Protein chains: 2
Amino acid sequence: MKRVKLTVAYDGTNYCGWQIQPNGLTIEEVLNKALYRLTGEKIAVIGASRTDSGVHALGNIAVFDTDSPIPAQRFSYALNQQLPEDIVIVRSEETSSEWHPRYCNSRKTYEYHILNAKVPNPIKRQTTYFVSYPLNLEDMQKAASYLVGEHDFVSFCNIRTNVENTVRTIYDLQILRKEDEIILRITGNGFLYNMVRIIVGTLLRVGRGFYTPKQVKEILEAQNRNTAGITVPPQGLILTEICYL
Amino acid sequence: MKRVKLTVAYDGTNYCGWQIQPNGLTIEEVLNKALYRLTGEKIAVIGASRTDSGVHALGNIAVFDTDSPIPAQRFSYALNQQLPEDIVIVRSEETSSEWHPRYCNSRKTYEYHILNAKVPNPIKRQTTYFVSYPLNLEDMQKAASYLVGEHDFVSFCNIRTNVENTVRTIYDLQILRKEDEIILRITGNGFLYNMVRIIVGTLLRVGRGFYTPKQVKEILEAQNRNTAGITVPPQGLILTEICYL
């Protein structure tokens, strides 16, 4: 028996997110079925990040145990033959039998891509959120600086969650313009349900001039979801990397 | 009666190209049907570039004549309400009643995007051609320089074509690296069937070291399709702009 760690990339457009659910196809289900075809074992992978419907990943992590004679490093190649082209195993490697992708300290990095242009771009419709109004990048960057550090992020958390501890640490939060896109890149020790998308929705209100940068600090301190901006749609979000410490 | 000129952007993934055909949905057909719903007139648009199945566009051009009271500039907004989200009218404007998008001199610009990385990126699978081997960019650029200018491009033309004149002028051909992509940007007064994709297939053989840059000059002079490289797949190709002189 060995434990295998997968780095998984996917286009989330055609999936109901990572986690298995009765009413739609998920990444987890497709991986489990591909592993069954490959090994004949009923494997249930454990994912690091249960991304939402429509969210993409370049570096999600999953583990599973197997008695298969396939070497751990060969699983990436073997699985990619079984997977649809919108899911790719970037890397596979053996890991220790106790290692768990959710119970180990990690830094996760997400990117959110905003297409800031006069007209929508159909080629980018599944990977960006289209915003036609002008955005004040400096104000957004100033507002973002209030969110870096250890805070209670309950104001930036979907109210349908029931985690006990809403304190998280954001190590880095950058906002940059690249051609017609504005990219928000955020690294933290973990994120609450919809947290990145609510942060983006709030910073967009700053960029548009509806909130001052300082108000984001007040929203954080208010500890009330209703004070923050909307949850922006999923297709602009990419889980780019999970770095275990 | 007025003639309206449309600038059309589309994600070609789900279409059998621009031109109406019996066995699959095309951009032209979707535009005609949207115009019918909008005006009640049986309109047949005339496109500047009949892009192939799977090819994308940011700036294809189409014209049509109409008696509709809708002002020419408003057609972009009105049509976008009728169109699926993978086709977008970027601009609409009135043009003279004799103006024809294929019989006027123009400069067309295409981009071809190559994902040059160790593993495929599922998020870019519909907009890039994945090439995992290392590419010598300088050699590719040197080879490309032989193609600039007025030449008979019959070596770079699909043999199933039957145009009489295979002489075209390439004004500019640039190859640049941008993160994990290599982008070829080509501007010419017109392109033969599959010409851009065969040029890319040939330059990739140079980048891989199978051809010297000088051999591309010989391929051009040979006037024989069999000497050139493969026709690379359509999804990396974008018609970015058509500029009328």
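Predicted model: local features only at pLDDT ≥ 70, side-chain atom pairs only at ≥ 80, totals over all residues.
Now turn to the interface. Here 23 residues of chain B are in contact with 23 residues of chain A. The size of an interface is often given as the accessible area lost when the parts come together. Between chain B and chain A, the buried area is about 1,700 Å². Carbon and sulfur atoms give 65% of that area. Which residues of chain B lose the most area to chain A? They are B:P122, B:I123 and B:R125, which together make up 36% of what that side buries.

Side chains of opposite charge can pair when their charged atoms come close. Six salt bridges are counted between chain B and chain A. One salt bridge joins the side chains of A:K178 and B:E179, at 2.7 Å from N to O. Four residue pairs are in polar contact between the two chains. On the side of chain B that touches chain A, strands β1 (2-10), β3 (56-66) and β4 (87-95) each supply at least two residues. The residues of that side divide into twelve nonpolar, five polar and six charged. A network of salt bridges links A:D11, A:E85 and B:R125.

Over all chains, the whole structure holds 22 salt bridges. Take A:R197 and A:D52, whose side chains meet at 3.4 Å, N to O. A:R197 sits in helix α4 (residues 195-207) of chain A, and A:D52 in the loop between β2 (46-47) and β3 (56-66), so the pair ties together parts that are 145 residues apart in sequence. A:R197 is buried, at 12% relative accessible area. A:D52 is partly exposed, at 23%.

A:E221 and A:K217 also form a salt bridge, with their closest N and O atoms 3.0 Å apart. These two are four residues apart in helix α5 (residues 213-222) of chain A, so about one helical turn separates them. A:E221 counts as exposed, at 52% relative accessibility. A:K217 counts as partly exposed, at 30%.

Finally, go to chain B. B:E111 forms a salt bridge with B:R185, the closest N and O atoms being 2.8 Å apart. This pair links strand β5 (residues 106-116) to strand β9 (residues 181-188), with the partners 74 residues apart. B:E111 is buried, at 13% relative accessible area, while B:R185 is partly exposed, at 29%.

Technical notes. Residues numbered from 1 in each chain as written. Chains lettered and ligands numbered in written order. Heavy atoms only, no water. Contact = heavy atoms within 4.5 Å. Buried area = accessible area lost by both parts, 1.4 Å probe. Salt bridge = Lys/Arg side-chain N within 4 Å of Asp/Glu carboxyl O. Polar contact = N/O pair within 3.5 Å; in protein donor to acceptor, adjacent residues only side chain to side chain. Nonpolar A, V, L, I, M, F, W, Y, C, P; charged D, E, K, R; others polar. Buried < 20%, exposed > 50% of the residue type's maximum accessible area, 1.4 Å probe, protein only.
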